[in-house]
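The stops below follow charged pairs from one part of the chain to another.

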Amino acid sequence: MRADKQTSWSYTEALPTEDEVLIRARERSYELGVSAVSSGVGAALTVLAAASKATTVVEVGTGAGVSGVCLLRGLGRNAVLTTIDSDVDHLRAAREAYAEAGIPGNRTRTISGRAAEVLPRLTDAAYDMVFIDADKPSFPLYVNQAVRLLKRGGLLVVNDALDHGKVADPAVREATTNTMRKVGKAIRENEDLASALLPTGDGLLLAVKTA
């Protein structure tokens, strides 16, 4: 990346101002060893949630609630976030973040379990938005399930789509990098999806279900 582009990227990532709720949620993330979404991605999630006018959202990978708070702040008052994580400590931390953000309990549904087992139990074409930020080896499965879950016009958001900048370097052949390349290719080639890849954070892959 040219120096000026690197400077612009750093500027945009540092631009969002986060309040005490998100700062504390990030502190819990650090304590739990969780990689929270960047401030740039968090701001993007709030905007995307608001623009989509989603009322039903699925999040794969709860973390300590940073991304969940960002999503909920963009969603309408009647929208519900269903978030899935296999670690009960993560879910507990996320519920604490939601409460501190003033989110009513009936607007979130936290599910403890492996997403590979939970997602197939969710209803077809019942969700307006799916956000994926979990274990990379399972991303292909999560994406396939997300396409099934989304309504027509629904939005799919995949975090870390550039795998810390390694996807763009053909010399890198690490397993996770190859997985993210395959995920990106599958989404681009899916005729039922219109997609775009943004450099926000470590790469934010967006796709709208058009059919």
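Buried means under 20% relative accessible area, exposed means over 50%, and partly exposed lies in between. With that cut-off in mind, and remembering that this is a predicted model, select Arg28, which counts as buried because its relative accessibility is 10%.

Since Glu100 belongs to helix α5 and Arg28 to helix α2, the pair ties together parts of the chain that are 72 residues apart in sequence. Glu100 itself, at 32% relative accessibility, counts as partly exposed.

Keep Glu100 in view and select Arg24, whose side chain meets that of Glu100 in a salt bridge of 3.0 Å, N to O. This pair also links distant parts of the chain, with Glu100 in helix α5 (residues 88-100) and Arg24 in helix α2 (residues 20-32), 76 residues apart. Arg24 is partly exposed, with a relative accessible area of 32%.

Now move to Asp160 and Lys136, which form a salt bridge with their closest N and O atoms 2.4 Å apart. Asp160 sits in the loop between β5 (150-159) and α8 (175-189), and Lys136 in the loop between β4 (127-132) and α7 (139-149), 24 residues apart. Asp160 counts as buried at 8% relative accessibility, and Lys136 is buried with a relative accessible area of 15%.

Conventions:
Residues are numbered from 1 along each chain as its sequence is written. This is a predicted model: local features need pLDDT of at least 70, side-chain atom pairs count only at pLDDT 80 or more; totals for chains, interfaces and linings use all residues. Side-chain values use heavy atoms; hydrogens and water are left out. A salt bridge is a side-chain nitrogen of Lys or Arg within 4 Å of a carboxyl oxygen of Asp or Glu. Helices (H or I, at least four residues) and strands (E, at least two) are DSSP runs, numbered from the N terminus. Buried means under 20% relative accessible area, exposed over 50%, partly exposed in between (1.4 Å probe, protein chains only).
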